[in-house]
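Please read the points below alongside the sequence and the coordinates.

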Amino acid sequence: LSQPDRMVTEEQASQISQAVKAIALELGKTTKRNEYGAIYGEVYRREGITSYKLLPAHRFETVMKWLAEWYRQVTDKDLPF
């Protein structure tokens, strides 16, 4: 049976999306490329998923910490949310 509580919530999925967007915008300033696909691709590879909405809920905090660290490496700032 389907257990929707095992995947991230819509709110959590939105937070992941916002983090990816923030990183992509900052990286794109340097590379002059659209970096969204590369960042989502790295999330998918690291987590073994095909969509960020399929991320197991118990992995949400870990993924957000990793994305926040990536953002800090690119900007020397904390995520803006």
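Lys-32 counts as exposed, because its relative accessibility is 69%; buried means under 20% relative accessible area, exposed over 50%, and partly exposed in between, with a 1.4 Å probe and protein chains only. Lys-32 is found in the loop between α1 (10–31) and α2 (36–47), and its phi is near 65°, a positive value in a residue other than glycine. The model is predicted, with local features requiring pLDDT of at least 70 and side-chain atom pairs counting only at pLDDT 80 or more, while totals for chains, interfaces and linings use all residues. Residues are numbered from 1 along each chain as its sequence is written, and side-chain values use heavy atoms, with hydrogens and water left out.

**Overall fold**

- The protein has three helices and zero strands, and its elements run α-α-α from the N terminus on; helices (H or I, at least four residues) and strands (E, at least two) are DSSP runs, numbered from the N terminus.
- The radius of gyration is 13 Å, close to the 12 Å that the globule rule gives for 81 residues, so the protein is as compact as a globular protein of that length. This radius is taken over C-alpha atoms, and the globule rule is 2.2 Å times the number of residues to the power 0.38.
- The C-alpha trace spans about 45 × 20 × 20 Å along the principal axes of the protein.
- Among contacts between residues at least 6 apart in sequence, 58% join residues at least 24 apart; contact means heavy atoms within 4.5 Å.

**Surface and charge**

- Buried residues account for 37% of the 81 residues.
- The accessible surface comes to about 5500 Å², and carbon and sulfur atoms hold 50% of it. Accessible areas come from the Shrake-Rupley method with a 1.4 Å probe, and for residues only the protein chains shown count as cover.
- The protein carries 12 positive and 11 negative charges, whose mean positions are 5 Å apart. Lys and Arg count as positive and Asp and Glu as negative, with His and the chain ends not counted; the place of a charge is NZ of Lys, CZ of Arg, CG of Asp or CD of Glu.

**Aromatic residues**

- The structure holds three aromatic pairs.
- The rings of Trp-66 and Trp-70 have their centres 5.3 Å apart and their planes at 50°, so this pair is tilted. Rings of Phe, Tyr and Trp (its six-membered ring) pair if their centres lie within 6.5 Å; planes under 30 degrees apart count as stacked, over 60 as edge-to-face and the rest as tilted.
- Trp-66 and Trp-70 are separated by about one helical turn because they are four residues apart in helix α3 (residues 60–75). Both Trp-66 and Trp-70 are buried.
- Tyr-40, Tyr-44 and Tyr-52 form one aromatic cluster.

**The segment after α3**

- Asp-76 lies in the segment after α3 and is exposed, with a relative accessible area of 73%. Although Asp-76 is not a glycine, it has a positive phi of about 65°.
- Lys-77 also lies in the segment after α3 and counts as exposed at 53% relative accessibility.
- Not counting residues up to four places away in sequence, Lys-77 touches Tyr-71 and Arg-72.

**A position in α2**

- Ala-38 is found in helix α2 and counts as partly exposed, at 41% relative accessibility.
- Ala-38 and Ala-24 are 14 residues apart in sequence and 8.5 Å apart in space, C-alpha to C-alpha.
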